[in-house]
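Have the model open while you read.

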Amino acid sequence: MVRDRSEQQLPPPVLAAYTYCEAVTGAQARNFSYGIRLLPPGKRRAMSALYAFSRRVDDVGDGPLARQEKEARLADARALLDRVRAGLVDEDDTDPVAVALGHTAHRYPVPLSALDELIDGVLMDVRGRAYGSWEELREYCRCVAGAVGRLSLGVFGTATGPGPPAVAEGADGARQAARAAEYADTLGLALQLTNILRDVREDAGCGRSYLPAEDLEKFGCSGGLLSHPPQPDADIAGLVRFEVCRARTLFDEGYRLLPMLDRRSGACVAAMAGIYHRLLDRISRDPLAVLRGRVSLPSREKAYVALRGLAGSDARHAARRTAPLEAAR
């Protein structure tokens, strides 16, 4: 485990690289930053490095460049991962994200292959892939969000009780680690599906549609949610509530991760997941709001969710709900 004392002795170039990544995170990821500010400094820096790289990849996919240039830049991002894996990023490298990511990969057991999956998911966007079924969309969500969940777990570690994360040993430890990765992956799917619902209007304006074609057809929306004139048999509210129900099921499964984390890591995850769960509640109450604009939470509500996470309320609730299920596994 990395101790805060050692983190205070970071070489100046590494500390500067982390400071850059934290600035990127604070400026561009408000929901994410509400969660990671609850972590100790070392883990917070590591999460910022992972976010800064992920943001770079996402920005390529969302940017105005031509497809060929986007693919070239994503290839550059993959080459950077290869350098990090090979330990070829020096402390004085001119790319602060590379320096911070390299240090994070050295200090924590983060599965860098998950970042390859993130690049794969963004390539799906760049190439205009559509999704016919939930299983196809699930593959995309697993790349762009489930991967981030597994990376985060590499920083957090798992704990069998109060105190520092435990080292997984033997068959029981291996099973616990596998379940934790599964729950982290599922929680990532829940967050991404919530994102998709929140951004329906924005994505449609960019010519993108993420909701499965089979779901759109089921609710009479095969022509799109913003079609003019609207399809006469379209049940947009029913479609949104159907996807909300799917996301809630994913949240219920993913929340089983919380009791497996140490207190501050659990608080971080509870804060981030709690914000998105509340977004889902808002969408459920007014499904057509997603057609009017981006649904969001006020800062005071995000702060309240973060405090609940720090107090451990959500982790204790998850532990009570999942204990019988875990015992039966």
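## Ground rules

This is a predicted model, so to speak of a local feature takes pLDDT of at least 70, side-chain atom pairs count only at pLDDT 80 or more, and totals for chains, interfaces and linings use all residues. Residues are numbered from 1 along each chain as its sequence is written, and side-chain values use heavy atoms, with hydrogens and water left out.

## A negative patch

Glu135, Glu136, Glu214 and Glu217 make up a negative surface patch. Two helices, α8 (134–156) and α11 (213–218), each give two or more residues to this patch. Helices here are DSSP runs (H or I, at least four residues), numbered from the N terminus.

Like charges are joined within 9 Å, with CD taken as the place of the charge in Glu, and Asp and Glu count as negative. Areas come from the Shrake-Rupley method with a 1.4 Å probe.

Glu135, in helix α8, counts as exposed because its relative accessibility is 55%; exposed means over 50% and buried under 20%.

Glu243 sits in helix α12 (residues 236–254) and counts as buried, at 0% relative accessibility. Leaving aside residues up to four places away in sequence, Glu243 touches Leu193, Leu197, Leu211, Pro212 and Asp215 (contact means heavy atoms within 4.5 Å).

Lys43 belongs to helix α4 (residues 41–62) and is buried too, with a relative accessible area of 7%. Its C-alpha atom is 9.1 Å from that of Tyr108, 65 residues apart along the chain.

Methods:
Patch = residues over 30% accessible without salt bridge, like charges linked within 9 Å, V, L, I, M, F, W, Y side chains within 5 Å. Salt bridge = Lys/Arg side-chain N within 4 Å of Asp/Glu carboxyl O. Buried < 20%, exposed > 50% of the residue type's maximum accessible area, 1.4 Å probe, protein only.
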